[in-house]
Every structure is written in C-alpha cells, then in structure tokens.
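Hi there,

Here is the structure I promised to pass on to you. Have a look at it first, and then read my notes below.

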Amino acid sequence: MGFFDIFKKNKAEKTDKTAKPAKKEAEEKKATPRDAAAPATSGLPAVDLGELLPGAPKNGKIKLAIYWAAACGGCDVSLLDTNERILTIGDMADIVMWPIAADGKEKDIAAMGDQEITVSIINGAVRNSENEHMVKLLRQKSLLVISYGSCACFGGTPALANLVDGKDDILDYVYTKTPTTANFQEQCGHKSAPIIPQNSYQAPEGELTLPLLYDTVKSLDQVIDVDYSIPGCPPQQESIAVLLKALVDFVYNGVALPPKGTMIGVTTKTLCEECPRHKENRRITKICEPHEVDVDPELCLMDQGILCLGPATVGGCGAKCTRVGQPCRGCYGPTEVVQEQGASMFTAVASLFPVLEEDPTCSEDEIIDIMSTVKDPLGYFYAFSMSKALIKRKVSEKGGQ
Amino acid sequence: MADFEPKIVAFCCNWCSYAGADGAGVARLQMPTNFRIIRTMCSARIDPEFVLRAFSKGADGVIILGCHPADCHYIGGNYRARRRIALLRMVLEQYGFDPKRLRLEWVSASEGEKFQKTMVEFIDTIKALGPTPMKEE
Ligand code: SF4
Ligand code: SF4
Ligand code: SF4
Ligand code: FES
C-alpha cells in the first residue's frame with residue numbers, strides 16, 4: 001500500500017466523525033449558480049472558495065510546508081496574492097516551514113517523523129545540492145508533495161541555463177565577465193586570480209560551505225516523486241483557487257483528492273481555445289515583436305506576425321497575456337497529449353509561412369533564410385520547458401577527423 | 001574512430017522516396033547498412049518531435065527524404081516539411097549539434113540511384129563528424 005492510500009484511508013475514517021462539514025458543502029453547492037453567471041475568463045470552471053474558513057478543522061490542523069528551490073520568489077508571492085484567504089490558511093494548517101513568510105528551519109524538518117507533514121508545496125527547479133537535499137527531505141517527511149509553478153514542473157527560466165556549457169561557464173561569466181564584477185575584480189587586484197565562490201572555505205573559525213551548483217537544471221519530478229503539479233509562472237489565481245478548494249474540501253469535508261499525477265488548474269485544450277482573439281489563419285512572411293507594430297486589439301497575434309505559444313500551450317490561465325496584447329510565452333506548459341512543447345510549436349510556426357511561388361524551384365538555403373526571421377527558436381519555444389525537452393541540455397561536438 | 005559505424009535514421013515518404021529506396025534494392029545497388037528506414041505517408045507527417053526523439057536516443061544522423069517540390073502526393077506536404085526542418089536545423093545548431101547531422105533530400109520513385117548516392121554521401125558526412133555528442137542520461 002502506497003503512502004497515498006494510507007492517506008486516503010486515514011481521512012476516510014476521520015470523515016465519519018464529522019457530520020457538520022457535509023452541510024457546509026451542501027450550502028456551497030447551492031451557492032454555485034451565482035458563479036456560473038459570472039463571466040468566465042478562463043476555460044476552467046470558476047471555483048467558489050466560499051466564505052472564510054470555518055475555524056480549525058474538527059480533526060485538528062494539517063501540517064503545511066511551502067518551500068522554494070531554484071525560484072525567483074514569484075511563486076511564493078502568488079500564494080500570498082490569494083488575498084484574505086491566505087490569512088485563514090492558518091486556521092486550517094500549521095505552517096511548519098515557509099522561508100519567505102514564516103519560520104521553520106531545515107533542522108526542524110529533519111527532526112520530524114516520516115510523512116508527518118500533510119502537504120508540501122514546492123516551487124522552483126532543482127539546480128544545486130541544497131535544493132536537492134531539501135526537496136528529498138521534504139519528500140520523506142510529507143504525505144503529499146505538490147510541484148508548484150513552471151520552474152518546479154518543467155524547469156522554467158532557470159533551466160535555460162542548460163543551454164550553456166555548464167556551471168563553470170556560468171560562474172566564470174557572472175563573476176569575471178559581467179561589467180560590474182569585471183571592474184571589481186580588476187580594481188581590487190584580483191584580475192589575475194579572480195574571486196569565484198568556493199564550495200568550501202577554511203576560515204579561522206572553521207569550515208564554511210556553499211551548496212554545489214549543478215551543470216543541468218532539473219524539474220522537481222526528475223528528482224523526487226511528485227503527487228500533483230500546478231503549472232504557471234506563477235500559477236494564476238484561477239488555478240490556485242482549484243488547488244485551495246481541493247485542499248479545503250479534503251480537510252474539512254473529507255472529499256477525495258484528485259488522482260495522483262493530476263495537473264491541477266489546467267484545461268484539456270490549448271490556450272487558443274480560451275483566448276478571446278479572433279483567428280483568421282493568415283499567412284505571414286515576417287515575424288515581429290509586439291513593440292514593432294500597432295497591435296490590433298481583436299485579431300489573433302499570430303495573424304499579426306507575433307510569435308504566440310498559444311497553440312502549443314495548455315489552457316487554464318484565462319489567456320492573461322494575449323488579452324493585454326502580449327504573446328503567450330507558454331508558461332503553463334504543453335497539453336496532456338504532447339510531450340514536447342517546443343516541437344509542437346515548430347509545426348505551428350512552420351505552417352504560418354505561406355508556400356511561395358518559387359517554392360518548387362528554390363533551395364533549402366533560401367528556406368532557411370526565410371525561417372531565420374524566427375530569432376532564437378530554442379530559447380523562445382522552450383522558455384519554460386527546457387528540463388522537459390527531449391534534448392535537455394547543450395551538447396558539444398568533439399569534431400571528427 | 002576508424003571503426004565508427006554511425007546509426008542513422010532515415011524517414012522516407014511512402015509515395016516517392018520509399019519507392020526510390022525499394023528501387024535501389026531491386027537494382028541491387030550497393031550501400032552501407034548504417035541506416036534504418038521509417039516509412040511515413042508524407043514528409044509532412046514527420047513531426048519535429050520524431051527527429052528530436054531520434055537524436056535524444058542517440059542517432060548520429062537523421063535524414064528525411066520526400067517527393068520533389070511540386071510532386072508531393074498531398075500537394076504541399078513537402079513545403080511544410082522543409083520549413084519545419086529549417087527550424088529544426090536552427091534549433092539543433094543552438095543545442096550545439098553540427099546541423100549537417102540533419103539532412104533533407106528529395107528522391108522520386110524512379111531515383112534508386114539518387115537514393116543510393118544520397119545515403120552513401122550522408123553516411124560519409126556523419127562518419128567524418130564522428131559519434132553524436134548526445135550523452136546517455
Ligand atoms: S515559476 Fe515563475 S514565478 Fe515561480 S519561481 Fe519560477 S520564475 Fe518565479
Ligand atoms: S495564437 Fe495566441 S493570440 Fe492567437 S488565438 Fe492562440 S493564444 Fe490567442
Ligand atoms: S498567456 Fe501563456 S504565458 Fe501568459 S500566463 Fe497564460 S500560459 Fe502563461
Ligand atoms: S507524399 Fe512524398 S513528400 Fe508528401
């Protein structure tokens with residue numbers, strides 16, 4: 001029996017003892033028609049989070065950990081952005097760790113029993129030894145692990161670092177080549193032996209250590225077992241509401257959680273399905289940036305020559321970016337039926353370019369010239385999904401004879 | 001390196017190139033045996049994901065063979081394919097692969113000899129490039 005089944009069983013027993021929450025659920029159901037009438041901005045059914053939480057759960061609070069690995073902090077802010085709801089999370093859960101907002105140190109977690117934490121929400125990719133240690137520790141101590149945000153789910157922005165030669169390349173660039181650090185190294189007399197962070201340093205008081213940077217950035221599920229994922233950079237409130245509702249329903253009403261492996265807060269269709277822009281399937285001859293053109297407020301951005309990842313991205317965010325005239329950069333990741341978000345985008349983009357009169361006679365080089373108006377296809381089409389690409393990092397040809 | 005025998009994946013469209021490959025076989029033209037042919041209905045059926053998957057699994061080279069321009073059985077499939085392949089070559093180059101590891105060529109049903117010549121040439125190119133830089137995970 002897996003830990004997930006243990007979890008379900010425990011909760012099933014507990015539900016029997018609580019008759020009251022069921023009434024609460026019925027009330028919530030009655031309240032839904034009001035939401036159905038509200039304008040739907042995303043392809044997700046609108047989720048009503050109801051009034052504030054009804055105090056502490058009957059069976060006691062759950063334990064919640066929120067952790068950031070290689071992240072920018074935006075994911076944590078998105079959780080804080082849940083407005084008044086965040087204040088009532090404390091009614092439902094004891095927050096045992098949340099580096100951005102609460103106390104709780106590594107040693108506190110290490111002292112806990114296995115699976116003592118009910119839910120760990122982890123954002124960020126895994127790119128150094130500290131990230132790896134912490135996510136493995138949280139996995140061991142938690143019943144459920146939720147992979148939160150595009151960095152955790154697909155590698156996200158940090159994983160673009162897979163496109164340089166490796167960690168030494170990064171350290172060298174950051175600590176000796178960027179103008180500010182180059183100046184510092186020179187002015188402080190370190191030009192010949194630049195100061196670069198070491199993993200270990202023998203100070204008079206004892207050894208000081210820093211986490212070890214890895215060459216390849218990984219998504220969370222490539223390092224530990226993950227129960228649910230919720231994509232987005234950061235996940236949008238529509239998606240977070242689905243996650244919170246599932247947790248609250250489960251804790252207060254004993255409603256079963258979704259099956260393991262579920263992507264939470266996404267639809268089954270592409271973003272284009274929920275994008276309000278009008279598609280004409282025009283053919284374009286040149287790719288342009290939004291700032292180079294007068295963006296038509298109604299017309300599909302691809303029809304205007306702006307590269308939009310909508311056709312290769314799963315819906316759920318409510319087309320946040322395209323509504324305001326910015327192309328989708330694909331932060332919600334691919335749809336369920338596709339593995340490669342980038343590859344599915346190549347197909348969409350290639351079909352945008354019209355067949356030319358000279359096509360029957362022109363050479364492949366001429367076609368390459370036309371397609372070269374797509375700048376940095378690798379960085380653009382895999383902006384959020386590099387860790388999940390079929391080829392996950394840069395390679396280097398040895399050069400044959 | 002002298003005994004390096006490359007693994008090559010060759011995608012052939014059903015209507016021209018596969019028949020061309022067949023023609024080469026029937027005519028008993030001599031060819032190295034480094035390639036595995038995968039038949040698709042049209043060169044446009046070759047999803048860029050197929051090519052990336054081949055490279056990710058350690059192919060040393062991938063060659064795509066389709067009907068000549070204006071001859072595609074489905075009218076414009078090869079025009080779509082050549083645009084995708086152009087994008088793929090850019091991407092492979094960004095990854096650090098030599099773009100010569102991916103080739104597109106047009107071979108008609110009657111061009112058994114061209115098929116043989118193309119394959120021999122491509123295998124020589126890959127032999128000169130050496131094994132794929134893709135490492136096993
Ligand atoms: S998914 Fe986006 S918001 Fe979240 S940590 Fe990564 S970069 Fe930041
Ligand atoms: S391509 Fe972009 S702008 Fe066009 S419909 Fe799809 S999501 Fe909207
Ligand atoms: S439109 Fe695209 S990039 Fe913007 S939030 Fe939605 S999925 Fe992310
Ligand atoms: S059928 Fe041969 S390329 Fe389309």
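**Where chain A meets chain B**

Between chain A and chain B, 14 residue pairs are in polar contact, with both residues of each pair at pLDDT 80 or more. That score comes up because this is a predicted model.

Which elements give two or more residues to the side of chain A that touches chain B? They are α12 (341-350), α13 (364-371) and α14 (377-381) of chain A. The largest share comes from α12(A), with five residues. Sorted by class, this side of chain A has 24 nonpolar, 10 polar and nine charged residues.

Charged partners also meet across the interface of chain A and chain B, where the rule finds four salt bridges.

For the interface as a whole, 43 residues of chain A are in contact with 38 residues of chain B. The two chains bury about 3,400 Å² between them, and 61% of that area is on carbon and sulfur atoms.

Enjoy exploring, and write back with any questions!

Best wishes

Terms used. Residues are numbered from 1 along each chain as its sequence is written. Chains are lettered from A and ligands numbered from 1 in the order in which they are written. This is a predicted model: local features need pLDDT of at least 70, side-chain atom pairs count only at pLDDT 80 or more; totals for chains, interfaces and linings use all residues. Side-chain values use heavy atoms; hydrogens and water are left out. Contact means heavy atoms within 4.5 Å. Buried area is the accessible area (1.4 Å probe) that two parts lose on being put together, summed over both. A salt bridge is a side-chain nitrogen of Lys or Arg within 4 Å of a carboxyl oxygen of Asp or Glu. A polar contact is a pair of N or O atoms within 3.5 Å; within protein, one must be able to donate a hydrogen and the other to accept it, and residues adjacent in sequence count only if both atoms are side-chain atoms. Helices (H or I, at least four residues) and strands (E, at least two) are DSSP runs, numbered from the N terminus. Ala, Val, Leu, Ile, Met, Phe, Trp, Tyr, Cys and Pro count as nonpolar, Asp, Glu, Lys and Arg as charged, and the others, Gly among them, as polar.
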